[in-house]
Amino acid sequence: MHYIIYETINLINGKKYRGCHQTKELNDYYLGSGIIFKNALKKYGKLNFKKIILCECKSLKDMIEEEKFYVSKEWIDNNDTYNLQTGGLNYGILSEKSKKKISESLKNGYREGTIKRPDNTGRIPWNKGKM
């Protein structure tokens, strides 16, 4: 098993995404995750991204710890990155700058048509009539 920290670079605009990945095959074509990064993949196409391995770790625990270093608060606050959260299992913790990145990305996606608004026709909201 391989435990890697990687960086995926957009060859069009130079923006980068960093993350960790556990895999049996180093060349498994995994590029990354996250809403803004996945929207960029749709917009630019997978062929316009290049992944490089920054380091390989000995265990899952080591990989999670190492990701904290590579995906720091300074990294996510950089305008040239797609990351929204710091690394190391900090799920759900978003900075104000990250929230703004998400908002701008979604607005641009709706405007450009790369993101479709959900069709709620005929659906009853889960909270209808509840206080």
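Keep in mind that the model is predicted.

Let me start with the layout. The chain has 131 residues, and 33% of them count as buried. Read from the N terminus, the order is β-β-α-β-α-α-α. Now the contacts. Take those between residues at least 6 apart in sequence: 52% of them join residues at least 24 apart. The accessible surface is about 9,100 Å². Carbon and sulfur atoms account for 53% of that surface.

Next, the hairpin. Strand 1 covers residues 2-10, and strand 2 covers residues 16-23. They pair in the antiparallel sense, over eight bridges. One example: Ile-5 has Cys-20 in strand 2 as its bridge partner. Five residues sit between the two strands. Within this hairpin, Gly-14 takes a positive phi near 80°.

Stay with strand 1 for a moment, and look at Asn-10. Is Asn-10 buried or exposed? Asn-10 is buried, because its relative accessible area is 1%, and the cut-off for buried is under 20%. Its side chain reaches the backbone nitrogen of Asn-13, at 3.2 Å. What else does Asn-10 touch, once neighbours within four places in sequence are set aside? The list is Lys-15, Tyr-44, Asn-48, Phe-49 and Tyr-82. Hold on to Phe-49 and Tyr-82 from that list.

Now helix 1, residues 35-44. Lys-38 is found there. Lys-38 has a relative accessible area of 45%, so it is partly exposed: the range for that class runs between 20% and 50%. Not counting residues up to four places away in sequence, Lys-38 touches Gly-32 and Ser-33. How far apart are Lys-38 and Tyr-82? In sequence, 44 residues; in space, 9.4 Å from C-alpha to C-alpha.

On to the aromatics. The structure holds six aromatic pairs. Take Phe-37 and Phe-49. Their ring centres are 5.5 Å apart and their planes stand at 75°, so this pair is edge-to-face. Phe-37 lies in helix 1 and Phe-49 lies in strand 3, residues 49-57, so the pair ties together parts that are twelve residues apart in sequence. Phe-37 and Phe-49 are both buried.

Phe-37 also pairs with Tyr-82. This pair is edge-to-face too, at 5.6 Å centre to centre, with 70° between the planes. Where does Tyr-82 lie? Tyr-82 is in the loop between helix 3 (73-77) and helix 4 (96-112). Phe-37 is in helix 1, so to speak the other end of a link between distant parts of the chain, 45 residues apart. Phe-37 and Tyr-82 are both buried.

Last, charges over rings. Lys-51 lies over the face of Tyr-6, at 5.7 Å from the ring centre. Arg-18 lies over the face of Trp-75, at 3.6 Å from the ring centre.

To close, go back to two residues. Tyr-82 is in contact with Asn-10, and Tyr-82 also forms an aromatic pair with Phe-37. Phe-49 is in contact with Asn-10 as well, and the Phe-49 ring pairs with that of Phe-37.

Technical notes: Residues are numbered from 1 along each chain as its sequence is written. Side-chain values use heavy atoms; hydrogens and water are left out. Two strands pair if DSSP finds at least two bridges between them. Helices (H or I, at least four residues) and strands (E, at least two) are DSSP runs, numbered from the N terminus. Buried means under 20% relative accessible area, exposed over 50%, partly exposed in between (1.4 Å probe, protein chains only). Contact means heavy atoms within 4.5 Å. Accessible areas come from the Shrake-Rupley method with a 1.4 Å probe; for residues, only the protein chains shown count as cover. A polar contact is a pair of N or O atoms within 3.5 Å; within protein, one must be able to donate a hydrogen and the other to accept it, and residues adjacent in sequence count only if both atoms are side-chain atoms. Rings of Phe, Tyr and Trp (its six-membered ring) pair if their centres lie within 6.5 Å; planes under 30 degrees apart count as stacked, over 60 as edge-to-face and the rest as tilted. A charge sits over a ring if NZ of Lys or CZ of Arg is within 6 Å of the ring centre and within 35 degrees of the ring normal.
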